[in-house]
Amino acid sequence: MSYTPGLTVTDRVRWRVRRRMPLGGAVTVGVGDPVTAEQIVALAELPGDVVPLAVADHLGVAASDLPRAMRIAEGEAVSAGATVAETAGPFGWFAKSFAAPCDGTVESVSEVTGRVILRGRPKPVEVRAFLSGVVAEVDPVAGVTVESDAAVVQGVFGVGGEAFGTVRCLAASADEDVGLAAVDRLGEDVRDAVVVGGRRVTAEALSALIDRGTAAVVTGGIDDAELRELLGYEIGVAVTGDERIGLTLVLTEGFGPIAMADGTFDLLRSLEGRAASVDGTTQIRAGVMRPVVVVPHADRDDAAQAGGGVAAGRLAVGADVRIIRDPHFGVLGRVAGLPHEAAVLGSGSKARVAEVETRDGRALTVPRANLELVMR
């Protein structure tokens with residue numbers, strides 16, 4: 001028996017999301033409250049930036065004389081342009097003053113360095129529910145947990161943060177490339193939409209979708225060179241989600257011209273016209289995080305609620321799998337056999353393997369550690 005992690009692709013599951021504040025704040029909902037995806041469920045404030053000001057040097061006074069020149073006391077707020085400190089100069093001539101470069105609060109005045117530390121205004125943080133559903137748990141300090149019966153599609157890789165929109169199919173089939181012509185077919189229907197592609201999406205098509213106000217794109221793959229072109233830099237491999245490219249991109253299969261799995265495409269197509277929440281955040285090291293598309297169901301399903309989510313599945317003959325390492329990265333197939341004895345690999349090492357029949361009819365022998373379940 002072998003257990004293998006896999007992507008969740010299902011038309012109904014009891015899905016839970018934990019919405020956490022970056023630091024202590026105030027939760028605005030209670031357990032059992034219904035919430036919408038974009039509803040604010042918690043509020044917090046991040047401390048403002050620290051701005052050191054060389055006030056004594058500017059005024060031409062000794063550091064020890066700075067407190068007497070201050071016009072704003074420690075702990076007091078000051079507006080941008082307001083006088084922080086001033087000196088009259090000898091005989092009242094050559095007066096000098098120092099104006100605050102930004103809004104903030106005087107945090108400290110040093111008689112040793114002659115510097116004033118200005119703390120910028122706090123930055124408000126609004127935490128949204130992300131998922132339309134019901135508040136299941138509340139932690140007054142950390143945040144809330146929201147749950148809902150939903151269709152869920154997890155991807156392999158994504159960029160961009162959270163986005164919300166109506167599902168719109170751009171591709172006619174799972175193996176159709178998405179270029180500029182496909183974007184033109186939908187016209188303005190892509191505005192504020194979660195657009196579903198098929199195989200490879202081009203940078204040109206993504207640029208057009210950004211210009212038309214698309215919220216997110218979910219497709220099989222993209223050439224890594226075109227992703228670099230879109231981002232303007234080489235993306236890291238540890239964590240994504242903070243990119244600001246104008247939309248969120250979720251790849252269901254990987255890099256290159258890889259067709260979206262038929263089951264994934266059929267599910268997304270069945271959800272056309274429904275409201276979706278998308279998060280492109282990806283972490284592929286410790287504490288794996290998958291990009292995800294979640295479409296809540298309006299009705300409640302007690303059987304799904306009892307399930308409590310989806311766990312890693314058992315690798316067995318007949319299971320749908322994806323190969324997640326070279327030289328067959330991204331290839332989809334079905335387990336045809338699970339030999340009990342370890343096999344000698346090309347590197348000379350031994351490992352337990354699986355016999356995989358690919359979608360294009362090839363028979364591959366793959367280390368079990370190189371497989372990921374595609375959960376339907």
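Ser110 is buried, with a relative accessible area of 19%; buried means under 20% relative accessible area, exposed over 50%, and partly exposed in between (1.4 Å probe, protein chains only). The model is predicted: local features need pLDDT of at least 70, side-chain atom pairs count only at pLDDT 80 or more, and totals for chains, interfaces and linings use all residues. Residues are numbered from 1 along each chain as its sequence is written, and side-chain values use heavy atoms, with hydrogens and water left out.

Ser110 sits in the loop between β10 (104-109) and β11 (116-120). Helices (H or I, at least four residues) and strands (E, at least two) are DSSP runs, numbered from the N terminus. Apart from residues up to four places away in sequence, Ser110 touches Ala63, Leu66 and Arg115, where contact means heavy atoms within 4.5 Å.

Another loop, between β18 and α5, holds Asp223. Asp223 counts as partly exposed because its relative accessibility is 24%. Beyond residues up to four places away in sequence, Asp223 touches Arg200, Gly256 and Pro257. Asp223 and Phe255 are 32 residues apart in sequence, while their C-alpha atoms are 5.6 Å apart in space.

Helix α4 (residues 203-211) has the buried residues Ala203, Ala205, Leu206, Ala208 and Leu209. Their cover includes α3 (180-186), β17 (193-196), β18 (216-222), α5 (224-231) and β20 (248-255). After α4 comes Gly213, with a positive phi near 80°.

Leaving aside neighbours within four places in sequence, Leu209 is in contact with Leu170, Val183, Val190, Val195, Thr214, Val217 and Leu247.

Val146 belongs to strand β14 (residues 143-154) and counts as buried, at 0% relative accessibility. Its contacts, not counting residues up to four places away in sequence, include Trp15, Val17, Val35, Leu131 and Val135. Val146 and Ala215 are 69 residues apart in sequence and 22 Å apart in space, C-alpha to C-alpha.

The largest pocket holds about 1,100 Å³ of space. On a 1 Å grid over the protein atoms alone, a pocket is an open set of points where a 1.4 Å probe fits, with protein on both sides within 12 Å along at least five of seven lines; lining residues have an atom within 4 Å of a point. Grid points are joined across faces, edges and corners, and a volume is the space filled by probe spheres set on the points. The pocket is lined by 38 residues, of which Arg19, Glu162, Asp279, Thr281 and Met289 lie nearest its centre. β2 gives the most to this lining, with eight residues. By class, the lining has 16 nonpolar, ten polar and twelve charged residues; Ala, Val, Leu, Ile, Met, Phe, Trp, Tyr, Cys and Pro count as nonpolar, Asp, Glu, Lys and Arg as charged, and the others, Gly among them, as polar.
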